[in-house]
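Trainee: Please take one part of this structure and go through it closely.

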Amino acid sequence: MITIDHINEAKRNLENVAQCTPITKAPILSEIFNSEIYLKKENLQLTGSFKLRGAYNRIANLEEEKRAKGVVAASAGNHAQGLAYAAMKFNCEATIFMPEATPLTKVSGVKSFGANVILHGENFDEAYAAAMKFKEEKQCEFIHPFADDDVIAGQGTIALELLQKVPDLKQIVVPIGGGGLIAGIAIAAKSINPDIKIIGVVASGARGMKESYKSHMPIDSASVRTIADGIAVKNVNPKLLDIIIDYVDHIVEVSDTEIANAILFLLEKHKLVVEGAGAAATAAIMHDKIEMDDSKVCAIVSGGNIDVTMLSQIIEKGLVKSYRKLNLVVTLRDKPGALTHLSQIFQDCSANIVQIDYDRDSIKLEFGEALVTIALETKGEDHQKLIKDKLKENGYRFKQI
């Protein structure tokens, strides 16, 4: 059984290794919800996520003889980087199995710490099975990313830092994948203040822990699909489910769209680069999944190792959704000056052209017509309405894409 003593011991192991990451008030969210909302920025941890804490604590407590044989793990990315860093510090060989779709930034991060990386399977559970086979073949120590007492105790040190900084905190909102993070935080927080509420957040595309929590029995997901790859866990661990049932007050879920909104919000308003799993807790607050009750609440921003391509897609869709970018396909006469006339309308409306494509060969076109696909920088919903009204006034056929 994991106790506050184990978590305090983990804190001592992590001294001069893991950073005590910033805990700052989120002024915009606080104003919207008339509450004191804080962010615990584990995305600023040494390896870009909270996982360093548990992985390092596990290696620190491993016998010298077992360390010498090396360690193996399965991870969607963040545990891999944390373990690779810890193994490097202890001069211990590490082999990490990662799902084939793991973002390049996470794979590169693991390799930079000297670990061996093997890409295998479509999700964490398939990578896990391969890692377990490797463990039996090589007789080395398997370091579980969440179902391990030392790992859970390491993650629990977050709550110690949090309640030291904000002792009268009322709620902690925590993302859930396998459950190690919320288990450690819940045990530590409830040991210090039994009245504090611990709220878990799962992604809608990986909701096994939520269903299991409601049913009080493990219910594995048939499949997982979410942009929050760090919490895309298919199978529910019975041990962690028991801890979560005992210590967690409520579990909510957020969609990929809500997670993407939170990623963009944190980037634009708080200047934080956050991955999908790291934005899940903030997404739950932003989209009214949490009962605030004018209380002090902290969202755990668990990681920031987002793939640049994914971030680019989220920004692009966010610009369209917030009426700051307008994508149009316009049909015009294929003759000299036609494109100049169309461009003049955009100029008169103070709309900046950022991308344009001219197609005169589409079989959908009548002879003598051309399609112009155009992306415009705009200044809100009213500005976009003005542009579309002007196009109609000038007789253009168009559609928004």
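**A surface patch and a helix**

Mentor: L339, I353, I356 and Y358 make up a nonpolar patch on the surface. Patch members have over 30% relative accessible area and no salt bridge; like charges join within 9 Å, nonpolar side chains (Val, Leu, Ile, Met, Phe, Trp, Tyr) within 5 Å. A salt bridge puts a Lys or Arg side-chain nitrogen within 4 Å of an Asp or Glu carboxyl oxygen.

This is a predicted model: local features need pLDDT of at least 70, side-chain atom pairs 80 or more, while totals for chains, interfaces and linings use all residues. Residues are numbered from 1 along each chain, and side-chain values use heavy atoms, without hydrogens or water.

Strand β12 (residues 352-359) gives the largest share of the patch, 3 residues. Y358 lies in β12. Y358 is partly exposed, at 35% relative accessible area.

Now helix α14, residues 308-321. Helices (H or I, at least four residues) and strands (E, at least two) are DSSP runs. α14 has 14 residues and reaches 20 Å from first C-alpha to last, close to the 20 Å expected at 1.5 Å a residue. L311, I314 and G318 of α14 are buried (under 20% relative accessible area; exposed is over 50%, partly exposed in between). They cover an arc of only 60° around the axis, so they sit on the same side of α14. Helix α12 (256-270) is among what covers them.

A76 lies in the loop between β3 (71-74) and α5 (78-89). A76 and L311 are 235 residues apart in sequence and 17 Å apart in space, C-alpha to C-alpha.

Note on methods. Areas by Shrake-Rupley, 256 points an atom, 1.4 Å probe, with all protein chains shown as cover. Buried < 20%, exposed > 50% of the residue type's maximum accessible area, 1.4 Å probe, protein only. Expected span 1.5 Å × (residues − 1). Arc of directions from axis to C-beta. Contact = heavy atoms within 4.5 Å.
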